[in-house]
Amino acid sequence: MAPPARPLLGIKPTTQDSSSVVEWTQAPKERVHRGPEHVNSYEAEWDMVNTVSFKKKPHTNGDTPSQRNGKSKWSFLFSLTDLKSIKQNKEGMGWSYLVFCLKDDVVLPALHFHQGDSKLLIESLEKYVVLCEAPQDKRILLVNCPNKSLSQSFENLLDEPAYGLIQKIKKDPYTATMVGFSKVTNYIFDSLRGSDPSTHQRPPSEMADFLSDAIPGLKINQQEEPGFEVITRIDLGERPVVQRREPVSLEEWTKNIDSEGRILNVDNMKQMIFRGGLSHALRKQVWKFLLGYFPWDSTKEERTQLQKQKTDEYFRMKLQWKSVSEEQEKRNSRLRDYRSLIEKDVNRTDRTNKFYEGQDNPGLILLHDILMTYCMYDFDLGYVQGMSDLLSPLLYVMENEVDAFWCFASYMDQMHQNFEEQMQGMKTQLIQLSTLLRLLDSGFCSYLESQDSGYLYFCFRWLLIRFKREFSFLDILRLWEVMWTELPCKNFHLLLCCAILESEKQQIMEKHYGFNEILKHINELSMKIDVEDVLCKAEAISLQMVKCKELPQAVCEILGLQDSEVTTPDSDTGEDEHVGLTACSTPAFQSNSLPVLAASGARDDSSTQISLSPDVSRLTPA
């Protein structure tokens with residue numbers, strides 16, 4: 001069951017005399033049992049309420065209501081989700097009181113507790129919110145403050161003092177989520193549980209809430225809640241077997257160019273690239289088309305003119321930051337911060353490739369210059385750690401500063417949201433991945449949820465930098481060029497995630513991996529994943545989904561499929577019922593004769609089996 005919603009705190013005073021000393025009352029139905037010691041006391045001074053109904057008390061001694069209908073001007077009501085802090089009286093100074101401050105900085109009237117019940121109210125509040133003393137003033141209790149031992153444990157694990165987890169994720173997401181999380185021990189769980197043995201069973205949403213704080217707005221459905229489409233009991237049918245072909249050769253590429261240099265049969269060429277990738281000799285030329293630097297319908301002459309124009313534009317931007325003096329940079333904190341982050345990232349570039357070997361390697365210098373120039377190109381975004389991972393393969397292939405920059409700028413147009421401060425792109429992708437995985441294997445999703453891992457945060461680095469640190473340098477070249485075809489859909493990278501997780505499901509579940517073990521296991525997959533095998537499985541998953549006529553609307557949207565009225569099985573009787581849900585019709589991505597597949601990633605050398613239907617395009621309808 002989903003955790004109960006936080007209650008409202010309702011307060012209604014009744015004036016006792018002209019000095020406005022008040023007694024806090026409540027309606028009988030909302031009263032809370034507080035034990036025998038309160039039986040003979042005055043009416044309880046406060047209560048937690050889920051619905052608000054106040055008891056109107058008769059006025060005596062000539063008192064008159066201060067407001068119409070008996071409502072006092074001192075009455076107030078607020079949701080605990082809006083509570084920011086609570087100020088207490090100084091111990092030993094008069095009767096106890098509490099002052100509530102809301103998140104919009106509204107300060108409510110002080111509550112005076114003549115019977116000394118303020119501590120009981122605090123204890124009741126702590127059932128619904130986390131309270132801790134403010135470091136500057138122990139009289140102030142902060143609401144939903146970070147757990148000190150938890151934050152300190154993450155800081156120690158990441159060896160970066162004075163920064164909390166949230167700042168780490170914003171500044172260096174893949175390090176914070178993968179390097180740091182992979183070292184988490186049960187000590188952190190003890191911090192989350194607290195010392196009370198009765199709290200040692202973590203609620204299913206606890207770690208999700210923790211990650212939601214780190215990535216604001218991240219809401220992945222861990223329970224069946226309103227507003228989410230629950231994916232259950234959908235038979236996807238048999239998964240087809242697919243087979244990869246050989247990379248596109250120079251001869252195949254040349255045959256698809258006309259006399260003026262235009263690329264012919266673009267859709268067919270993309271399909272060939274999707275199923276086999278490119279021979280390395282072609283990458284420098286073809287990547288410019290795949291990334292949108294060169295238009296597919298441009299002539300050779302038009303591309304030559306475009307390169308001249310882009311060369312001038314690049315060096316003008318480069319001159320902007322090159323001409324900034326040290327004194328000027330000292331007064332420009334953003335540029336100074338960008339340079340510092342770039343130098344840090346460039347220094348940890350993967351040196352396994354000879355192109356980047358050595359501390360003063362020209363490749364590293366070009367990486368630095370291109371990234372600094374990008375800060376001039378998009379000053380609002382500037383530089384965020386992780387971008388260098390996206391650039392290094394591009395520079396390696398292009399072997400040219402200008403071409404590498406414009407290919408990188410085009411790639412960043414696709415990846416921009418991943419690096420924005422609000423991380424909207426990351427939130428969306430994690431939610432979409434959760435939706436796809438639940439459709440494929442709801443049992444595995446349930447297991448992950450039981451281990452506080454249902455929101456798939458361990459895939460964060462995969463998505464952030466498109467698997468750059470999960471595959472070898474050469475394998476990532478193959479993976480990226482396949483994804484850039486946008487076949488069978490723009491979200492093919494999410495199907496790649498599903499394929500990897502599906503491959504690891506058996507080990508995770510059979511060995512009963514918990515939160516720590518799952519993180520460690522996923523982190524250790526780096527450089528051990530077979531790229532061809534994963535591509536085969538991901539394509540097979542896409543074909544399996546496309547053939548299903550009962551896909552939920554959420555999945556249709558992720559895969560870019562059409563909408564149509566469908567028949568879905570009744571959850572109780574098993575009988576078919578026409579319901580008002582939309583699902584997907586069969587899209588254009590469907591070959592009349594599916595290849596004879598080898599899910600192991602084996603290649604098919606038969607020319608008849610690598611031929612592709614001219615109708616095969618992408619998951620979005622033709």
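Predicted model: local features only at pLDDT ≥ 70, side-chain atom pairs only at ≥ 80, totals over all residues.

Q: Which ring does F294 pair with, and how are the two planes set?
A: The partner is F289: the ring centres are 5.6 Å apart and the planes meet at 75°, so this pair counts as edge-to-face. F289 is buried as well, with a relative accessible area of 1%.

Q: What about Y411 and W484?
A: Their ring centres are 5.3 Å apart and their planes stand at 85°, so we call that pair edge-to-face too. Y411 sits in helix 15 and W484 in helix 19, so the pair ties together parts that are 73 residues apart in sequence. Y411 is buried at 2% relative accessible area, and W484 is buried at 6%.

Q: How many aromatic pairs does the structure hold?
A: There are 24 aromatic pairs. Some ring pairs join up into a cluster, made of Y314, F315, Y374, Y377, F405, W406 and F408.

Q: Where should I look to find K310?
A: Look at helix 10, where K310 is one of the buried residues. Helix 10 covers residues 300–322, which makes 23 residues, and spans 33 Å from first C-alpha to last, close to the 33 Å expected.

Q: What do the buried residues of helix 10 pack against?
A: They pack against four helices: helix 9 (280–290), helix 12 (333–347), helix 13 (362–377) and helix 15 (401–415).

Q: Now for charges. How do I read a salt bridge?
A: The general idea is that side chains of opposite charge can pair when their charged atoms come close. A search of this whole structure finds 27 salt bridges. Take R245 and E252, whose closest N and O atoms are 2.8 Å apart. R245 is buried at 6% relative accessible area, while E252 is partly exposed at 22%.

Q: Why can K330 and E327 be described as about one helical turn apart?
A: In an α-helix there are 3.6 residues a turn, so residues three or four places apart point the same way. K330 and E327 are three residues apart in helix 11 (residues 326–330), so about one helical turn separates them. Their side chains meet in a salt bridge, 3.6 Å from N to O. K330 is exposed at 54% relative accessibility, and E327 is partly exposed at 47%.

Q: Which parts does the salt bridge between R478 and E532 tie together?
A: First the bridge itself: the R478 and E532 side chains meet at 3.6 Å, N to O. R478 lies in helix 19 (residues 473–484) and E532 in helix 22 (residues 531–547), so the pair ties together parts that are 54 residues apart in sequence. R478 and E532 are both buried. They also belong to a network of salt bridges that links R244, R283, R478, E481 and E532.

Q: One last stop: is L436 buried or exposed?
A: L436 is buried, with a relative accessible area of 0%. You'll find L436 in helix 16 (residues 424–440). Beyond its neighbours within four places in sequence, L436 is in contact with L494, L495, C498, M545, V555, I558 and L559. L436 and A554 are 118 residues apart in sequence, yet their C-alpha atoms are 8.9 Å apart in space.

Notes:
Residues numbered from 1 in each chain as written. Heavy atoms only, no water. Helix = DSSP H or I, 4+ residues; strand = E, 2+ residues; numbered from the N terminus. Expected span 1.5 Å × (residues − 1). Buried < 20%, exposed > 50% of the residue type's maximum accessible area, 1.4 Å probe, protein only. Contact = heavy atoms within 4.5 Å. Salt bridge = Lys/Arg side-chain N within 4 Å of Asp/Glu carboxyl O. Phe/Tyr/Trp six-rings, centres within 6.5 Å; stacked < 30°, edge-to-face > 60°.
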